[in-house]
Amino acid sequence: MEPEVITVGLDGSPESLAAALWAADEADRRQSVLRLLHAWILLAAEAPDTPPDRDQNAGARQIVHRALEEVRERHPRLQIIEDLVGAEAEPALLGAAAEAQMIVLGSRALAPWESYVLGDVSLNVVGRAKGPVVLVRGDGHAKAPRHEPPDNAPPAPDARVVVGLSLNGPCDRLLDFAFDAAASRGVPLQAVHGRPLPVHAYTPWGLDPDAATELTKEAAVELGDALLPWCERFPDVLVQQTVLPESPTRALVQTVFGAELLVVGRKLHRPPLAPRVGPVAHAAIHHVTCPVAVIPHE
């Protein structure tokens, strides 16, 4: 059985280089093949013996070569495929995503006003890909991988994978990815659910604490039921359940600090006029600093 492929999209930016290093770490953990992909619509067909001074694709090759050198320094034995594609970036990445275990892209933080009016290739790929897409920031995520704590010390309290759950429908693909990510890293999994308080919980004199407590208890039971089969399947993964009387977006923002990875979902089939990326995934993509995995699901 051939190993699966993790594809990283490269554009020469610091963010895409950070994505390549993250993808290499993930490929090493999963014993997968790493595919370094750069798409350029003007890629020229050239003979193998084309002299360097006439190589029209030299810039494109350099982007892939630089990433290859960085990855090889960290993972000398990792199986790597170098791939130059003569196409626009978005269709090339979507085509690669259909064939890969996951696709990894660099992502830049945007100012709050920009994040809702500016689109980019990464956001479009997230909204259309049929498989997992991981977005990696360019700042502070190129550190060496941590497979085991030094001297068998326990992991730091913040070392964990966080998964946001809505509990509005099946979330098997989301939980499968999140539990597998936590297990492969040897860190706990924090499952976060945010549920806004109903109108009747607010009174003229303030918040009704009994209503808030009741809602939180009900949500905690539902969350535990959703997690139970996966806890049995991954008995070595320590699971922490967090339920907050907040919107799902606010609940994640309040709990994700210090995490190694945030896993959120995106519905595969949305109403025609609805955005391809829901509000929780959209906020995570633009405002969470750790790598974000967006998992499409029914």
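# Reading a predicted chain: burial, cores and helix contacts

Trainee: How many helices and strands does the protein chain have?

Mentor: Helices (H or I, at least four residues) and strands (E, at least two) are DSSP runs, numbered from the N terminus. By that reading, the protein chain has nine helices and 12 strands.

Trainee: Where in the secondary structure does serine 16 lie, and which residues does serine 16 touch?

Mentor: Serine 16 is part of helix α1, and it counts as buried because its relative accessibility is 4%. Contact means heavy atoms within 4.5 Å; not counting residues up to four places away in sequence, serine 16 touches Val8, Gly9, Leu10, Asp11 and Gly106.

Trainee: Which residues have the most contacts inside the largest nonpolar core?

Mentor: In soluble globular proteins, nonpolar side chains tend to be buried together. A nonpolar core is a set of buried Ala, Val, Leu, Ile, Met, Phe, Trp, Tyr and Cys residues joined through side-chain atoms within 4.5 Å. Here the largest has 51 residues, and those with the most contacts inside it are Val8, Leu34, Leu36, Val104, Leu165 and Val263. Helix α1 (residues 14–30) gives this core its largest share, nine residues. Apart from this core lies another, of 33 residues, among them Leu37, Leu94, Leu244 and Leu262.

Trainee: How do the axes of α1 and helix α2 cross?

Mentor: Axes are lines fitted to C-alpha atoms, for helices over the stretch in contact, and angles run from 0 to 180 degrees between N-to-C directions. The axes of α1 and helix α2 (residues 58–74) come within 10 Å and cross at roughly 40°. In this contact, Leu17, Ala20, Leu21, Ala24 and Asp25 of α1 meet Arg66, Ala67, Glu70, Val71 and Arg74 of α2.

Trainee: What does helix α5 pack against?

Mentor: In helix α5 (residues 121–128), the residues Ser122, Leu123, Val125, Val126 and Gly127 are buried. These buried residues pack against α3 (89–99), β4 (102–106), β5 (133–136), β11 (261–267), α9 (279–287) and β12 (292–297).

Trainee: Is valine 133 buried or exposed, and which residues is valine 133 in contact with?

Mentor: Valine 133, in strand β5, is buried because its relative accessible area is 1%. Leaving aside neighbours within four places in sequence, valine 133 is in contact with Ile103, Leu105, Val125, Val126, Val292, Ala293 and Val294. The C-alpha atoms of valine 133 and alanine 293 are separated by 5.7 Å, although these residues are 160 residues apart along the chain.

Trainee: Where does serine 247 lie, and which residues is serine 247 in contact with?

Mentor: Serine 247 lies in the loop between β10 (239–244) and α8 (248–255), and it counts as partly exposed because its relative accessible area is 26%. Leaving aside neighbours within four places in sequence, serine 247 is in contact with Gly194 and Pro196.

Methods. Residues numbered from 1 in each chain as written. Predicted model: local features only at pLDDT ≥ 70, side-chain atom pairs only at ≥ 80, totals over all residues. Heavy atoms only, no water. Buried < 20%, exposed > 50% of the residue type's maximum accessible area, 1.4 Å probe, protein only.
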